[in-house]
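Me: I have a model open and would like to go through it with you. Could you help me read it?

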Amino acid sequence: MKVHDLRRLVSRIDSVLDKHLESNMVEYLQFSFRWMNNLLMREMPLKCTIRLWDTYMSEPNGFSHFHLYVCAKFLTKWAKVIKSLPDFQTIMIFLQSLPTSRWTDDDIFGAGFGGVSVKVPLPQGCDSSRWNYLNINLNLKLY
């Protein structure tokens, strides 16, 4: 299940964040199920969603594989804030109403979204000739 894969990936990128969520009894299913089912459409403005989906379409298996890594980066972008939140309720309220309503393409593909690199096995179907390790960085030029 993609939600379980997301947790495994985030634990490799930011184990402190993963442990903070766990210690506050926040299950990934409680917030990322919507991300997976709606492909982040409810989390950002429509223009950004269209741009993100365009990127997914340019990648082999973009919707089925690359989306998982985008979700991991999306969660870790908010790591500092999430780690400062003291309990289940405040974490969930934050995760269900992320401050993305005024985002533009630059917030997704520019310096605002930043980048994180982690060595992980490539998902089945990814073109290994393009990646010797997966760079979870939405600043990538995918075209």
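Me: Let's start with α4: which residues are buried there?
Reply: This is a predicted model, and in α4 the buried residues are Cys48, Thr49, Leu52, Thr55 and Tyr56.

Me: And where do they sit around the axis?
Reply: They cover an arc of only 120° around the axis of α4, which means that they lie on the same side of the helix. As a general point, an α-helix has 3.6 residues a turn, so residues three or four places apart point the same way.

Me: What about the other side of α4, which residues are exposed there?
Reply: On that other side, Leu46, Lys47, Ile50 and Met57 are exposed.

Me: How many residues does α4 have, and what is its reach?
Reply: Helix α4 runs over residues 46–58 and has 13 residues, and from its first C-alpha to its last it reaches 18 Å, close to the 18 Å expected at 1.5 Å a residue.

Me: Changing topic, which residues make the nonpolar surface patch?
Reply: Met1, Leu29 and Phe33 make that patch, which has an area of about 350 Å². Phe33 is found in helix α3, residues 28–38.

Me: Why does Phe33 count as partly exposed?
Reply: Phe33 counts as partly exposed because its relative accessibility is 42%, and that class lies between the cut-offs of 20% and 50%.

Me: Now the whole protein: how many helices and strands?
Reply: The protein has eight helices and two strands, and along the sequence they follow the pattern α-α-α-α-α-α-α-α-β-β. Of its 143 residues, 46% count as buried.

Note on methods. Residues are numbered from 1 along each chain as its sequence is written. This is a predicted model: local features need pLDDT of at least 70, side-chain atom pairs count only at pLDDT 80 or more; totals for chains, interfaces and linings use all residues. Side-chain values use heavy atoms; hydrogens and water are left out. Helices (H or I, at least four residues) and strands (E, at least two) are DSSP runs, numbered from the N terminus. Buried means under 20% relative accessible area, exposed over 50%, partly exposed in between (1.4 Å probe, protein chains only). Patches are made of residues with over 30% relative accessible area and no salt bridge: like charges are joined within 9 Å, nonpolar side chains (Val, Leu, Ile, Met, Phe, Trp, Tyr) within 5 Å. Accessible areas come from the Shrake-Rupley method with a 1.4 Å probe; for residues, only the protein chains shown count as cover. A salt bridge is a side-chain nitrogen of Lys or Arg within 4 Å of a carboxyl oxygen of Asp or Glu. The expected span of a helix is 1.5 Å times one less than its number of residues. The arc is that of the directions from the helix axis to the C-beta atoms.
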